[in-house]
Amino acid sequence: MEILKTLNETLLNKDSNKNNTCLLNVDEYKNRAMIYSRTENAISVLSDMQANKSYVYKSKIAIELGLEMKEDPSVIDSIWEEEILKKIHPDDKLKKYIHELRFFKLLDRMGEEERADYCVVSRIRVKDKNDLYKLVQHRMFYIYSPYNKKLRFALCLYSFSLDQSALLPSDFLIVNTIKGETLIEDKLNYKNILSQRELEVLKCVGEGYTSKEIADLLFISINTVSRHRQNILEKLKVKNSVKAFNESFHM
């Protein structure tokens, strides 16, 4: 998935200069993640961008989602909590990745003092122990290093949404927690502009597929794919399909 590759390149702190290392104490932030998990009965994931490692703290919600609770925390050699991510609805997973990249770009333009004021609040579909989708609230906080000014930790919290209405849509917000204001709302709903097939083609473009690969995936001809891509350009008033994806799914 192209967006995941972009996120890895953007988020991971790969500076080889030892003088530019973040000196924040990982144990302090692991303790914070554990407290969140136990207090809120949530799944808490602390991802360390410098070490490319994650620590997953699981409460009883993990049982309801059909996740194992062998170790606390589970330690993963990646910034991605794959055991959870594989349960997220494919459409919501793509939107989640896009939204996290958008969040990073927003904070990257801000002053150091402002960054702690913002978080991501999302409602996503996640499969439970019965293989049925339930609405889960996902909150994410980025923690920057005061030493090298780079993103050091991401803290993600997963808990059940209080409203499980079947027709309730997924949503993706960036919130100013100081002012209690929504800064950026989900821009991923283009059903009134693009057809369902055009949305599918645009999603494939964003994932890095070629027109031939899209044709094979959707069981349509390459000429039909080309026609859909042209329609997307005309409807969204952009010059190419990649720009269409960026205009639609980024700030």
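A charge sits over a ring if NZ of Lys or CZ of Arg is within 6 Å of the ring centre and within 35 degrees of the ring normal. This is a predicted model: local features need pLDDT of at least 70, side-chain atom pairs count only at pLDDT 80 or more, and totals for chains, interfaces and linings use all residues. Residues are numbered from 1 along each chain as its sequence is written, and side-chain values use heavy atoms, without hydrogens and water.

**Exercise 1.** Find what lies over the face of Phe160.

Solution. Go to Lys134. It lies over the ring face of Phe160, 4.4 Å from the ring centre. Now go to Tyr144. The charged end of Arg115 sits over its ring, at 4.0 Å from the centre.

**Exercise 2.** Classify the pair of Trp80 and Tyr97.

Solution. Start with the rule. Rings of Phe, Tyr and Trp (its six-membered ring) pair if their centres lie within 6.5 Å; planes under 30 degrees apart are stacked, over 60 edge-to-face, the rest tilted. The count is three aromatic pairs. For Trp80 and Tyr97, the centres are 5.4 Å apart and the planes at 75 degrees, an edge-to-face pair. Trp80 lies in the loop between strand S3 (74-76) and helix H4 (82-85), and Tyr97 in helix H5 (residues 90-108), so the pair ties together parts 17 residues apart in sequence. Helices (H or I, at least four residues) and strands (E, at least two) are DSSP runs, numbered from the N terminus.

**Exercise 3.** Classify the pair of Phe103 and Tyr142.

Solution. The centres of Phe103 and Tyr142 are 4.9 Å apart and the planes at 35 degrees, so the pair is tilted. Phe103 lies in helix H5 and Tyr142 in strand S5 (residues 133-144), so the pair ties together parts 39 residues apart in sequence.
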